[in-house]
Amino acid sequence: MAERRSVAIVGAGITGLSCAAALRHDAAVTVVDRIPVAGGVHGWKPAETRELVAVCGATLALGETALRWDGRELLVIGQHGAWRQPADALVIASGARPLGRPELGVVGSRPAGVVAATVACHLAENGLAVGLNPVIMGGGDWAMAASRRLLAAGARAITLVSPGPLLRPAPDDRRVAVREGERVAEVIGRGRICAVQLASGTRIECDALVLAHGLVPLRNVDGAVWDGHRTVYAQPTGDPATVHIAKAAGSAAAAAVRSLLDLEDGR
Amino acid sequence: MRDVVVIGGGVVGSAVAWRLSTTTARVTLVEAAHDLCEGASKGNTGIATSGGDCHPGTLEAELVTRSSAGWEALCARLDTPFQRIGTLAVATTIEEQARLPELHRQARSCGVAADLVDGEAARRMEPLLTVEARAALHFPDDGIIDSIRLTLGYAELAARNGVEVLRSSPVTAIERDGDRIVAVIAGGRRITTCAVVNAAGLETDTISRLAGGESFRTWPRQGQYWLLDREMGGRFRKVVGGVPTAVTRGVYCVPTTNRSLLLGPTAVDRDDRGDRAVDEATLDEVFAAARRLVPLVRREHAIKTFAANRPASDPVYRVARDARIENLVHAAGIRSTGVSSSPAVAELVRDLLEQIGLPVDRERPDAILALQPLPRLLDHLEPERLVALDPRYGQVICTCEQVTAAEIAAAYRMHVPASSLEGVRKRTRATGGRCQGAYCLAGVSFLHTLHTGCTPERIAVGEPGATLGVAGADG
């Protein structure tokens with residue numbers, strides 16, 4: 001039998017942990033995450049996260065950031081210094097982010113008050129509203145999370161502009177207006193945003209635009225951003241995201257890693 | 001009492017401040033915006049041209065070529081990224097190809113290194129180039145430079161040498177005694193001075209009018225750009241451009257010093273100096289032009305679009321003493337070679353100030369000549385060493401550009417420190433990467449409150465008043 005193989009996984013969310021768990025008999029697995037807790041967007045408290053942490057059998061390197069991959073070694077940095085993790089394969093399971101302005105085709109000016117839903121949610125949880133009359137572009141998980149949190153942070157009127165049908169129900173609140181099948185085309189305002197123009201030509205006055213539409217994989221390890229050598233990507237972008245989808249992506253990635261390693265063994 | 005007030009904290013004004021800072025002159029640099037480098041100096045291609053596309057015999061050609069050879073040494077002193085990778089001006093049609101020999105002669109008569117190569121040779125130099133390339137002019141001495149770090153580097157070294165840097169200080173009046181300026185009113189402060197340098201970019205005309213000097217006409221020439229992922233820029237070996245025409249240099253594909261890829265600019269004359277909006281038709285045009293040169297570029301790799309206004313003017317490129325006001329020097333109308341000619345412009349301004357009797361001829365023995373380079377995590381050759389220098393290097397705040405808490409802390413420790421989230425981006429690149437802050441803006445905002453002591457409601461994105469959050473949510 002060949003020497004035990006090693007696998008590095010970037011991202012300790014449900015996907016990364018599921019992948020680690022599925023590989024526990026095949027390889028020595030190290031899971032790296034820049035956040036000092038496991039669970040990713042799902043959080044560390046739910047039972048699914050804690051069970052996976054308990055059974056995955058992997059070394060968890062949490063609070064450590066993966067920087068570069070050269071096909072053999074993953075460079076990681078954390079508060080105790082930089083270190084290199086040799087690995088026969090790399091799994092990128094670092095989740096997804098909402099689309100940015102060029103990806104959404106939103107033109108116009110670049111004033112303050114145009115923020116990603118991730119940021120709007122984080123600030124709102126800390127009591128800071130990015131706007132009191134925001135337009136939120138999107139109709140899925142991030143759009144609803146941003147709506148709820150901005151309402152809690154004091155928003156007075158929210159317009160949800162959803163390019164497609166709503167993927168999740170909008171908050172049942174008289175302060176939330178929904179425009180389905182519409183798209184923000186242009187940002188208007190200098191200094192701070194004052195309005196958006198929809199593709200239909202409608203102008204909506206607002207004091208913030210929250211970008212919450214769509215999901216794209218978030219990849220930040222140099223050498224593994226597009227087509228990394230010996231790299232498997234496990235980044236579901238379904239909206240709404242579910243634990244089931246994440247677990248399936250983790251298992252699929254584990255299978256891809258196994259076939260990558262088996263192919264090499266049989267060479 | 002100052003010897004010189006420099007008006008304008010773009011690349012030209014900052015370069016002048018830097019050049020004067022090692023002399024015995026007492027200098028103040030004033031900038032209207034909340035930070036330095038807020039105009040064309042932060043919105044440009046980042047090409048340090050060697051002068052191949054300048055018109056022979058012009059002052060611009062002379063100052064660009066005079067600046068070119070010194071970039072490696074200067075950038076080392078200013079802790080500014082620079083790489084001399086060369087430009088290919090690519091002809092894809094017979095008409096364009098026919099213009100290359102003339103452009104070649106023009107470049108050679110400016111004393112600029114240039115080689116005429118066939119399409120195959122051009123593709124060997126840059127394998128990403130279109131198969132339609134028929135021929136190209138290669139300018140091996142062109143470089144790519146981080147124009148923001150250059151501008152801030154000039155100003156930082158100037159400030160360390162005692163130049164007073166005043167931001168958020170628009171000039172509202174200039175007092176005269178006959179044909180001499182005696183004071184500048186900026187940001188509500190009256191600064192008495194022996195001389196003034198007008199390096200106000202788009203506001204050159206305003207400043208000259210306030211001073212009672214020559215009449216200028218300036219207007220914004222807007223350029224729109226795409227910024228593409230670092231993964232794309234990292235695959236380029238050369239700056240790739242088209243064949244310049246009499247009207248414009250056209251759209252370039254420019255790998256940046258941190259491996260992003262810039263596409264642009266367009267050149268459209270406008271009236272509104274504050275308009276930096278992008279529009280779909282123009283962005284489409286930029287992308288189409290870029291794809292004619294490099295078919296591989298794709299929209300899904302775009303991380304940002306933006307517009308910037310370069311100062312078009314009549315007269316163009318005027319670095320000279322004012323014809324009426326004896327102690328006013330213009331460094332004005334420098335539309336698109338501000339970065340590329342800034343060292344020589346600064347030297348010429350110094351000469352002109354010396355001619356009018358300013359004490360700029362003696363170098364101070366104690367002057368600081370170089371900035372201490374700040375280690376940066378991205379592409380660092382020995383990252384293992386960094387955490388020992390400062391444990392905050394282990395804390396990666398912006399993962400797209402791999403910017404650490406140590407680098408962000410340094411941005412607030414500068415003599416001309418960050419005072420806004422945009423100021424942090426310009427000094428560190430944090431929030432400037434592929435997710436455009438979606439994952440790090442909150443962390444950067446927290447560090448901003450930590451380093452400046454400001455409350456979360458008052459975190460400035462850019463200009464004061466343009467805050468990240470809105471106050472009054474609880475009220």
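Helix axes are lines fitted to C-alpha atoms over the stretch in contact, and angles run from 0 to 180 degrees between N-to-C directions. Helices (H or I, at least four residues) and strands (E, at least two) are DSSP runs, numbered from the N terminus. The structure is a predicted model, in which local features need pLDDT of at least 70, side-chain atom pairs count only at pLDDT 80 or more, and totals for chains, interfaces and linings use all residues. Residues are numbered from 1 along each chain as its sequence is written, with chains lettered from A and ligands numbered from 1 in the order in which they are written.

**Helix pair in chain B**
- The axes of H12(B) (residues 405-413) and H13(B) (residues 421-428) come within 10 Å and cross at roughly 110°.
- H12(B) and H13(B) are therefore roughly perpendicular (65 to 115 degrees).
- Glu407(B), Ile408(B) and Ala411(B) of H12(B) make the contact with Val424(B), Arg427(B) and Thr428(B) of H13(B) (C-beta atoms, placed from the backbone, within 7 Å).

**Sheet in chain A**
- Five strands form an open sheet in the order E10-E17-E11-E12-E13, with parallel pairing (at least two DSSP bridges between two strands).
- E10 (114-116) and E13 (176-180) of chain A are at the edges with a single partner strand each, so one side of each lacks a neighbour in the sheet.
- The twist from one strand to the next averages 20°.
- Three bridges join E11 (residues 134-137) of chain A to E12 (residues 158-162) of chain A; Ile136(A) has Leu160(A) as its bridge partner in E12(A).

**Interface**
- Chain B places 44 residues in contact with 43 residues of chain A.
- E18(B) supplies the largest share of the side of chain B that touches chain A, five residues.

Key: Contact = placed C-beta atoms within 7 Å. Parallel < 35°, antiparallel > 145°, perpendicular 65-115°, else oblique.
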